[in-house]
Amino acid sequence: MTKRYVSLPDAAEAGMCEFIDEVDRRLSSDEDTCSVVEDVLIDLSGDREAYERWQSGADVSAAERVRLQSYDPCNTTLESEYYAEKDEDVFRRSKHLQWLWRQFDSLPIADNVEFALRFRRMLADHLFEECGDGCRFFKGITFTYGHNITIGDNTIVHDGVHLDDRGKLTIGDRVSISDGVHIYSHDHDVVDQTEVRNYHTQIGDDVRLTYDSMVRAGNTVGENAIIGARAIVQHDVPAHHIAVGMPAQSVKIKPGWEDVATPLENAGVNRQDERRLEYDLPEDFDVFDEFQRDLQPPQ
């Protein structure tokens with residue numbers, strides 16, 4: 001094994017546990033999530049004195065006012081807020097929790113690995129549809145919503161990973177997701193890029209997605225498979241396969257699994273259409289087309 005056990009001093013451990021337990025308790029209660037997020041960010045940022053001064057009516061600069069207002073997630077927007085097909089009721093809470101996750105990562109204290117891993121793991125229980133035991137989430141992980149993600153036990157997600165759950169994303173047990181990996185669950189039409197298609201993307205148990213690799217929407221990476229660095233998965237990768245390249249191709253079966261794995265020549269099947277998730281927009285929905293393109297081909 002390449003890891004060793006590391007512990008914090010007793011006083012630091014006690015303080016960390018007390019804080020995380022308090023935030024967990026408040027998020028589990030009937031208290032407004034927006035208020036909880038605001039309080040946590042104000043205190044972790046050391047801005048309580050300035051916030052109270054502003055609340056009492058004291059003069060503050062325009063920049064300071066923007067900073068203090070932005071601790072409240074109700075005063076912010078996220079990119080996913082503009083997506084037409086999102087579930088407005090579910091999104092409201094996940095937006096607040098996602099704001100807490102992202103802003104926490106911007107603070108110096110997020111570099112305290114022991115504290116940050118436990119804090120994010122606690123948040124994952126509230127943000128994700130489901131999160132198993134023993135998961136570890138490192139810095140700079142982003143989501144579309146968060147509430148369409150299911151993750152199994154003992155999975156690790158490293159720095160700078162994007163988990164797109166505009167559709168649905170299911171990640172199994174003991175999965176290793178390396179730095180810079182992108183996993184998508186939505187795609188765009190090649191003619192009209194404003195037409196969004198959502199899918200269910202699945203990563204099986206014991207999969208390893210290595211550095212900078214990408215899994216496109218609607219594909220499945222089978223259990224115990226490995227996706228090589230910077231590979232782009234554009235079709236299903238069978239269990240126990242090692243796939244590399246752009247696009248990713250199965251080049252080897254893990255030693256010892258040859259008798260149970262799909263033969264290499266039978267790999268490379270795209271089942272994306274089977275995993276498409278349909279959605280409906282209200283008839284009176286006011287569509288906003290940011291591109292304003294004329295998509296008619298030339299005559």
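I started with F119 and noted that it is buried (under 20% relative accessible area, where exposed is over 50% and partly exposed lies in between, with a 1.4 Å probe and protein chains only), its relative accessible area being 0%. For F104 I found that it is buried too, with a relative accessible area of 0%.

I kept in mind that this is a predicted model, in which local features need pLDDT of at least 70 and side-chain atom pairs count only at pLDDT 80 or more, while totals for chains, interfaces and linings use all residues. Residues are numbered from 1 along each chain as its sequence is written, and side-chain values use heavy atoms, with hydrogens and water left out.

I then looked up aromatic pairs (rings of Phe, Tyr and Trp, the last by its six-membered ring, with centres within 6.5 Å; planes under 30 degrees apart are stacked, over 60 edge-to-face, the rest tilted), and the structure holds 13 of them. One of these joins F91 and Y145 edge-to-face, at 5.8 Å centre to centre and 80 degrees between the planes. F91 and Y145 are both buried.

Last, I checked for charges over rings (NZ of Lys or CZ of Arg within 6 Å of the ring centre and within 35 degrees of the ring normal). The charged end of R166 sits over the ring of Y83, 3.6 Å from its centre, and that of R293 sits over the ring of F291, 4.4 Å from its centre.
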